[in-house]
Amino acid sequence: MSRIHTDILISGGGVAGLAAACAFGTAGFDVICVDPAPVITDANADGADLRSTAFLQPARNTLRDAGIWAHLERYAAPLQIMRLADAGGVENEIRKLADFDASEISDEPFGWNLPNWLLRREMLNRIEALENVRFIPQTALRRVTTRNDHALVNLDNGDQVSARLLIGADGRNSFVREALGINAQTKRYGQKALVFVVKHSQPHDDISTEIHRSGGPFTTVPMPDLDGAHYSSIVWMETGANASALAALNDAEFTAAAQDRSCDVLGKLTLASRRAIWPIITQQADHLIGQRSALIAEAAHVIPPIGAQGLNMSLADIETLLTLCMDHRDTFGSAEMLDQYQSIRHPDMARRIKGVDMLNRASMTDHDTLKSLRLKGLQALHHVTPLRQTLMKTGLGTD
Ligand SMILES: Cc1cc2nc3c(=O)[nH]c(=O)nc-3n(C[C@H](O)[C@H](O)[C@H](O)COP(=O)(O)OP(=O)(O)OC[C@H]3O[C@@H](n4cnc5c(N)ncnc54)[C@H](O)[C@@H]3O)c2cc1C
């Protein structure tokens, strides 16, 4: 067994943990990041994360400062317009469209979309280039003991790590959260998301469309063109039973169902990836901190994939924690610093979780009266210019 000293130990090498490793490493902290899973950075490999992430402007700035954006930029598809479409009438056709155009509030797009498997690849490349950051795959945390001035962590490879700050980025079933005795409140919707990539006959014109009918939204998110063909990633939320039935269809039947649910907004669809299925929950940790420890990303908050908020909240966690560590360079990880993290991030998380929960419930409804209320709400929000612009800024996290 060896005993290793480091500034920061990150539990979890998902997209959030790797982004944190790059951000803290670039800022000059010594970082170790561990993850029990094998490294998968190829879209076609079993277990590859086929989701894509739309990074909003503030998240892009965090990635830029962490030295990652320069490697991602050329693969990113801009999101210029977020389009909400209501298809909640008797027929499955669009009865109202509402466009939210980034040019109303900014010279830049709302965000940029990138596949998660590629994010991991480029973040791991960045870590390779940082001498003060070490990523240890196929290794998990086994025991955590915290003291006033450090956290002592036993890894399952037999090593012991002493860190001035332990960051729990180990996902919705976080080991660190449990080790710190922090409870989390979980809401289940009986809903799942099907995730896949389509090739389509019409260009997406940098528009992401969220089509609401029942069961949850069907969202198209632009991807870069490839060899002259147009691509988008799709997140299709449905009740659990419907999602499982859709997942069991063969490719041709599934493509026909997706074509119908898309209301043809992208023209003719061709399935261009495997399909993955994700359970949808809302979850929030009661606290974000323990002695010498902080929770970030899905260890702290999980929300339904609506409005591209999930990982963007995670990058706001990283940005806040890093800024506090830099401001308290000699005392980072102290109780005073961690209290500040809790008081900055917890209310913002709670507000966004509540907002996305409401949107998801409105989108799931199968009730005609509630569907027409949803339609009226969409019309009202869209028609009043200041309200529309505030909504866009709130979504971006720049309000
Ligand atoms: C369908 C779908 C679409 C989405 N789209 C968007 C979007 O467009 N924009 C957006 O911002 N967000 C989006 N999200 C949310 C976003 O994908 C997640 O927030 C993000 O991927 C979670 O990253 P994470 O690193 O927190 O967790 P994870 O990816 O779950 O990573 C946690 C890591 O911790 C590791 N781990 C587990 N146990 C241990 C242990 N004991 N020790 C060490 N490590 C451990 C795991 O192996 C894993 O690698 C979407 C989510 C879904 C479901």
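This is a predicted model: local features need pLDDT of at least 70, side-chain atom pairs count only at pLDDT 80 or more; totals for chains, interfaces and linings use all residues.

Biologist: Which residues come nearest to the ligand?

Modeller: D35, P36, E298, L311 and N312, of the 31 residues around the ligand; near means that a heavy atom lies within 4 Å.

Biologist: Which side chains have an N or O atom by a ligand oxygen?

Modeller: The side chain of D35 has one 2.5 Å from a ligand oxygen atom, and the side chain of N312 has one at 2.9 Å from a ligand oxygen atom.
The protein buries 87% of the 1,000 Å² that the ligand exposes when taken alone (Shrake-Rupley method, 1.4 Å probe).

Biologist: How do the shell residues divide?

Modeller: Into 16 nonpolar, ten polar and five charged. Ala, Val, Leu, Ile, Met, Phe, Trp, Tyr, Cys and Pro count as nonpolar, Asp, Glu, Lys and Arg as charged, and the others, Gly among them, as polar.

Biologist: Changing topic, what volume does the largest cavity have?

Modeller: About 60 Å³, the space filled by probe spheres set on the grid points, which are joined across faces, edges and corners. A cavity is a set of points on a 1 Å grid over the protein atoms alone where a 1.4 Å probe fits but cannot get out, and lining residues have an atom within 4 Å of a point.

Biologist: And what lines the largest cavity?

Modeller: The lining includes D35, R120 and F135.

Technical notes. Residues are numbered from 1 along each chain as its sequence is written. Side-chain values use heavy atoms; hydrogens and water are left out. A polar contact is a pair of N or O atoms within 3.5 Å; within protein, one must be able to donate a hydrogen and the other to accept it, and residues adjacent in sequence count only if both atoms are side-chain atoms. On a 1 Å grid over the protein atoms alone, a cavity is a set of points where a 1.4 Å probe fits but cannot get out, and a pocket is an open set with protein on both sides within 12 Å along at least five of seven lines; lining residues have an atom within 4 Å of a point.
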